[in-house]
Structures are given as structure tokens and as C-alpha cells.
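Trainee: Could we go through this model together? I'd like to know what stands behind the words used for it.

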Amino acid sequence: MKLVIKGGRVIDPKHGLDAVTDVYIASGKIAALGAAPAGFTAQRTIDATGLVVCPGFVDLSARLREPGLEYKATLESEMEAAMAGGVTSLVCPPDTDPPLDEPGLVEMLKHRARSLNKARVFPLGALTQKLEGRELTEMAELSDAGCIGFSQADAALTDTMTLMRALQYAATFGFAVWLRPQDVFLSRHGVAHDGEVATRLGLSGIPSCAETVALSTILLLARETGARIHLCRLSTAAGIGMVRVAKEQGLAVTCDVGMHHVHLSESDVGFFDANCRLVPPLRTDADRAALREGLADGTVDAVCSDHSPVDDDAKQVPFGEAEPGATGLELLLPLTLQWAREDRLPLHRALARITHEPARLLGIAGGQLGLGSPADVCVFDPDTDWQVDRKALYSQGKNTPFLGARVQGRVCCTLVEGHVVFDRLHGREARKPAVS
Amino acid sequence: MRKNPQINQHGELNHLLTLEGLPREILLHILDTAASFVGVAEREVKKVPLLRGKTIFNLFFEPSTRTRTTFEIAAKRLSADVLNLNIGASSQSKGETVLDTVDNLSAMHADMFIVRHAQSGAAHLIAQHVAPYIHVINAGDGRHAHPTQGLLDMYTIRHYKPDFSGLRVAIVGDLMHSRVARSEIHALNILGTQEVRVIAPKTLIPSGVEGLGVKVYHNMAAGLAGVDVVIMLRLQHERMKGAILPSAQEYFKYYGLTPEKLAYCSGDAIVMHPGPMNRGVEIDSSVADGEQSVILPQVTFGIAVRMAVMSILASSGS
Amino acid sequence: MDLPNAETLVAHLADRIAPHVGADSALVGIHTGGAWLAKRLHQRLGVATPLGTLDISFYRDDFSRIGLHPQVKPSDIPFAVEGRDIILVDDVLYTGRTIRAAMNELFDYGRPRAIRLAVLIDRGGRELPVCPDFVGERIALPQHQNIQLTLDASLRFVLSLQS
């Protein structure tokens, strides 16, 4: 299959490219930019005039809810959502049911995902068996089965000796360990940021120090063990500050934040909006500003959708009983664009945080449009304005704090390995679907 | 700014979920109406026909005989039909959700739900869910709000001290877990109280409480100095010993209201307590039964205030 | 239309009631105009029993249609109703619904020996079998018009007409 995407504004953050040009794709790879390679005959031409062409997005956290939680979402539904959101590679946390603590489960998931022929799925294996924080998993076996790293997801690992052993063991093989810093005791019973809003609403608080206390333990153990650590979903200004210092001191840690936390703060909980029940909790405006600062100066490597589809029944209960999480795959692009607009960031710098940077920290080939790299591409219209409603979402999870909001920027076309796997251009009246 | 979910498009009170953000006029209207109901209880027939034919459900997901009784009496004095449902363990253990329960009762043509629930925001959830002609009164949700208690406390204060603008009010005790305190703080500020203080050890003060419009004290002598109204909060048994407080004895010694500590207040200060009291823990019996105590009038006014709230809600949207 | 002088009517009304006032009599005025009128009659007639007032808001038959009156005043019956001779006072008698509500409310205080009705104006248009015992004046008014007792700057009674 040979294909050309013509006339789009091509943005490739890794190579600093931002220009109107043509992208030539052959055998599932980027064959050329600008002029057609000798003897290239396109079987299909996508007219991207007025659109942006960029690497498919790399999402560091998307829960697909398989195996075991199919009432919340299925691999099929969430792969559709990923494609509709321009996400071509995604990392899924191990907190499925059962957790991804056995090679067989990982192989099955990889196999199911591959057969759907959509986004590339990179599972994180469970760091401890059943995520119980007691016994290590067979990390090497799990790695062979396809795990890209190891994680406790949101499950507690209270025993610091076990944590240190897990880090040592992972370091033996050079495996990355993904940890979300949150002290179990300081966050016990908490459902919202411990501050004025939680006090006003009478919700149990999770203080900022729940993050920083855990973070300092993790950073000290990272030094001690030499393990490769990726810090997930930081939420506090103090936490970002600690990571900044650690990086300056040369510690090999990377870090991400969730897209909701780049945009929202505690006050968005309003009158108990269960869609704003998230993990970690939405914090203060100052924390949100610090997250954005961290993204701007590189302290924070990537933004992820933290896609966590939740069934309606689990949300239509009082706030404190609601299951945390929100759908996010299809909002990753518009919310990235909104962040870029609000902070007056050049588009390529914002897009880097959902393409090249997460790909780099994962060590995968995607997230760029370099010659010979896999043709995972997203074509989007940066100006289309659309309303986030239940019908507009492909994900089975319909709960998001942005439900009802109008957002700008919509994916038109998604390619994985040179195949068009999502196409909103067809049937559009305004723009002619240019298929040759 | 989000729309206040308890006020309808005509500016009328449609539900009573919290006192926060209520216009002063609505609050005063409730207190004024309550004044008319106080006399009803002193008559030969302690009943008016206002809500005749209306069906009110006391929906108690958390048991509380006392609060349920006051709502029941209030509803009966308005001639409404009242049904008490203590939902607690039974239907919830069968997997029925709060909203399932509400849907079922709505199908029985309920006109009003009085909701008590251990989770903050439960009354909001129900109010958002019910048909527009059904009214919801929050009878206490988690740590969030207990608006009718807040109102009856305002009624009591106004009865003894009519001008809020010159008042210093101290709320003493477990602010952390108290929905009553939160409702009182909002109401006192809406009514223009000169100064609202809270007094408790740091483990009982929720973070950011200053943002609600209070001054925080940790010492009774300083906090009670010159106050006109002292509101003592109940300390739950499970919190008297453990990681929040070392013992009830130590708490009483430093934060219990004794005649000696009451002497820090202004000479004609009144003493209030939402009940039920723990004598010898947060309040000394000689104070609770003393002449500055208005704890029993609070209970009497409570019924009139709840009658006022029910009749005002029932007349909204008509 | 010329309206009668309200002050003159009060005097007439007082004269008509006077022979019927005894030791057990009590005056009860209905908020708001009836309460003013009852207060005036109470002074004029020198009734010994303290004056009562009723706010019939809680007894109205149109609550479910128009809701609670925005300014409910407490009813005040400062005497035992049981066995009493009550003269119920209102400014204008029209459909009779207010009087029905007032009598219901009175009975919730106790069982009076008798209730008599005194009104300044009977404008006709009854919808209930209510008949006044003492009337200042009868005036036939079309449905779209309203007659009301008000107080002028020097606190004298004035009748006014609204369409």
C-alpha cells in the first residue's frame, strides 16, 4: 500500500519540522517528505489541505478494562476510541481483573490487541503479584511476554522493603518501574484535595504531602537501587519541584501528568460532580500552574489521557462512593491544543508531549515522522469545534468532566503502520474526500 | 459560576440542600415564616392543613431517630402524610442504589424527600435526579451540610440576640467532621454576623476553613473572650480516643464548656448545642442545664423551622 | 364610582356591633385590613378581652395553586377560645373563602360558643354559604375590580378601588 498525504501542515516535533508539505508512505513506513521518491505511485491520496499532519499520539496511560472489566469497556470499544482520538500507541496499566501478573494474560492481551489491527498496545506488568504489594512477579517472563515496564497502578505498596527489593530486581534487568507517588496512610479515605473546597463540601481530603512523602521515598530508593523510574500522574507543585531538583542532580527519572490535571482544579468539583472524582484528586490552581510550568521546562516529560472508562452505575452515586476515572482518549488532542493556546506554546512543543517525548521514554519507534519510521500518523483539523456529548464518544466510558463542553480540534484520519484505521474525512461535505 | 441547584428559574427555593450561597432574603423568609409556626404548637390543635394530601418520605440512609422525629412531627403538623424509611443495611446490601430507591418511591407519587445519608453530596445527587415537582430536604449528608439545623440555630440566636451585625459567635469542637458547623458558618456569614470563631485542637480543624469566613482559635480563653453566642459541637464516641484525640478526659479539660470557661464570654452569652450532648465530654452539666443554656428552646424552634422549610418548598414552582 | 367614607362606615359598624358585645365577647381581625379594623373597633367598643389576630395563610384553599404568602404573620389569639363569643372582623367580604379559612383556624384553638362576622364592605360575589352579621355598607362591584382598606398618611382609613 502506497499512500500520500498532500498539502497538510506537517508537524514533527522530534525533527523540529513545521511546514506545509507532503508525506509519502510505503510499506507501512514514512518513505519521504516533500518530493515523491522515484517511481512512487500512490494508491491513495489524502488531501490534508488546511489540516495538520503529525505523528500518531503516544498515550502513557489508557485503561482498556480487559481482561475482566468488560462491563466498563472492551478492547474493541476502546481501540475505536483510541483511533478516533489519534492515539496510535498506548500504555495500559496492569490493574485489570485479574491483574496483569502472569505472562499468559499479557500474551492474550497483546494477541487480542494485534488482531484488532489498531493502536499498538504496550502493557505494564504488575510489579507485585495480584498487585498486593507482597510478592514480586516474574518480571523477566512478563517482559518477554511483552510488558514494557512494571507498575502497581493505583494499588498500595506500603512495605518499603518490598518496594526496594522490587526496584532492585527490576534494575537487575534494566526494566522500568512506573510508580504513582501517593502515601497510603496520608490518603486513606480521601476523595478530594485536602483544602478549602473539600472542607466546604465535607469531603475527606488527600493532602499534598501524600504525594510528596511518597515521592521522597521513591526518589531516595531510586538513588539507592539505580532503578529506572517513571513517575506517574504527579499532581502537586511541591512534587514537580522535587522532580525538577532530582533531574538537575542527574537522577534518571521521567515523569508524566494527566491531561485533566493540566486543565482542571479542585473548584471544578462544583456541587459534587462525580465526573471530577479522579485519581490523584484535582488540586489547586497553583498546583495546576506548576504542572504546566513543569511541562514547559521539561521537568514533566509527557501528558497522558489517563483514560479510565467507568460505567454509569459507578458514577451515579454520592461523590465519595463514585469510582474515580474519566474517559480521555478522544479528548487528548483537543485538550492539548487548548493548553497550547492558553499558554501560547508553539504547536510543535505541545504536541511533543504527546508524541515524541512519551515515545522516547518508552523507547519505542513511534511518535515521529522520520524517514523509515513506522507510518503512525494523525491528521487533524485544529479548528473544528465540537461538543463533548455521550453520542460523540466512541469510548464505552462516557464520563468526563468535559461532558457538555465545546472543544476545538478534531482528528480526521488516523494511520497505523501505513493503514488508514480511522477516517472522518469520508462523507464530509465541506472537504472533498480526495481518494485517487 | 455554577448555578445554585436548589433555586429554580424563578428564584424560588426548590430544594434545601445547603445554606451556602443562599440569598439573605430566602434565609430571612424561612426564619420569618417559622415564627408563625411557633404558635401552632401551643394551640389546642397543633396542626394546620397546609400540606394536606402531600406525601413526604423520610429517607434515612443513616439512622437518626432524633432528627427523623423532628421532621416527622413537622410534617404531621402540616397535615402531610409521612412515611419513614430506614434504608441503612437492608436494601443497600441487596445491591439497590440510592437512585433506585428514589425512583421506586417517586413512582409512589412522593412529593418530598427528607434525606439523611452518610456521604456528603447524597442529597444533591437525589435532587438532580428527581422529577421537577419533587422537593428534597437535606437532613444531613456526611460532613457537608445540615441546613435545617443551621437554620434553627439562626432562629434561636435571633430570638435571643436580634441583631447579627453586632454578634461574636464561637463554634467549639469537632469542626472536622461536623456538617452542623459548616451550615452554621455559612448562615452566620450570610446574616452578617460580626465575627465567627471556631475553637478546637488542630486535629479537629479542617484545612482551609478560614476560607469559609471564620477565625481559628486553639485556646478556649482567647477564643471565647467576649463572645455572645457559644455553640458546642458533639464529639462522636469513636473519635474520643485514637489518633485524633488522646482521651475524652483531656478533651473536656481543655475544650469542654465549664462554668469557668463560660465566664470568658460576654455576661449575657447564650449556650447552644445541636444535640445529643455528651455531658462531661464537650459540656458540663451545670452549663447545659444552666440559665444561659438555650438548648431546649433550640429543639422547639427546630420543629417550626422545619415546618417553614417544608411549606416554602412545597409552594415553589406553583 | 364614589366610595363611601371609611371612617364614617367604621362608626356605623361599631354602632351595630355594640349591643351584642358582652363579657365573653372577643374580637378577632384577619390580616391585614381586618386586623386594623378590629383594632379600631376594639378601642371604640371598649372590649375587655384582648384583641386577637389571624393570618389565614396556613388555611388557604389555594395553597397548591399559588403557594405560601410571601409574608406570613403569626396568628395571635391571646385568650381561651373555648366557650367564647367571637366576632370575626374583616375589611371586605367577597367570595367567603377567607372566612371559611379563618373559622377553620379558630376551631384549632378551641370550640367557641358562637362566631359572628363583621365586615366593613360586603361587595357580593359569594362562592360559599357565608353571611355577615354586621355590615358597614353593601356595594356591588364587577368581578375585575378590587376594593381595599388602606391607611393614609395620618393613619385614617381610606377605601380604594383597583381594576
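Mentor: Gladly, and keep in mind that the model is predicted. Let's begin with pairing: two strands count as paired if DSSP finds at least two bridges between them. One such bridge links T55(B) to its partner D81(B) in β2(B).

Trainee: What makes β1 and β2 of chain B a pair?

Mentor: Pairing needs at least two bridges, and six bridges join β1 (residues 55-60) to β2 (residues 81-86) in chain B. These two strands therefore count as paired, and they run parallel. Another position to look at is L59(B), which stands opposite L85(B) in β2(B).

Trainee: How does the chain get from β1(B) to β2(B), and what is the hand of the crossover?

Mentor: The path goes through helix α2 (residues 65-77) of chain B, giving a β-α-β crossover that is right-handed. That word is used because, with the strands pointing away from the viewer, the path from the first strand over the helix to the second runs clockwise.

Trainee: Which sheet do these strands belong to?

Mentor: They sit in an open sheet of four strands in chain B, ordered β2-β1-β3-β4 with parallel pairing.

Trainee: Why are β2 and β4 of chain B called edge strands?

Mentor: Each of them, β2 and β4 (135-141), pairs on one side only. From one strand to the next, the twist averages 15°.

Trainee: How do you know which chains touch?

Mentor: Residues are in contact if their C-beta atoms lie within 7 Å. Two pairs of chains are in contact, and chains A and B share the most contacts. Chains A and C do not touch, their nearest C-alpha atoms being 28 Å apart.

Trainee: What makes up the contact between chains B and C?

Mentor: Chain B gives 16 residues and chain C gives 16 residues. On the side of chain B, α1 (24-38) and α12 (295-315) are the elements that give two or more residues. The residues on that side divide into six nonpolar, seven polar and three charged.

Definitions and conventions:
Residues are numbered from 1 along each chain as its sequence is written. Chains are lettered from A and ligands numbered from 1 in the order in which they are written. This is a predicted model: local features need pLDDT of at least 70, side-chain atom pairs count only at pLDDT 80 or more; totals for chains, interfaces and linings use all residues. Ala, Val, Leu, Ile, Met, Phe, Trp, Tyr, Cys and Pro count as nonpolar, Asp, Glu, Lys and Arg as charged, and the others, Gly among them, as polar. Axes are lines fitted to C-alpha atoms, for helices over the stretch in contact, and angles run from 0 to 180 degrees between N-to-C directions.
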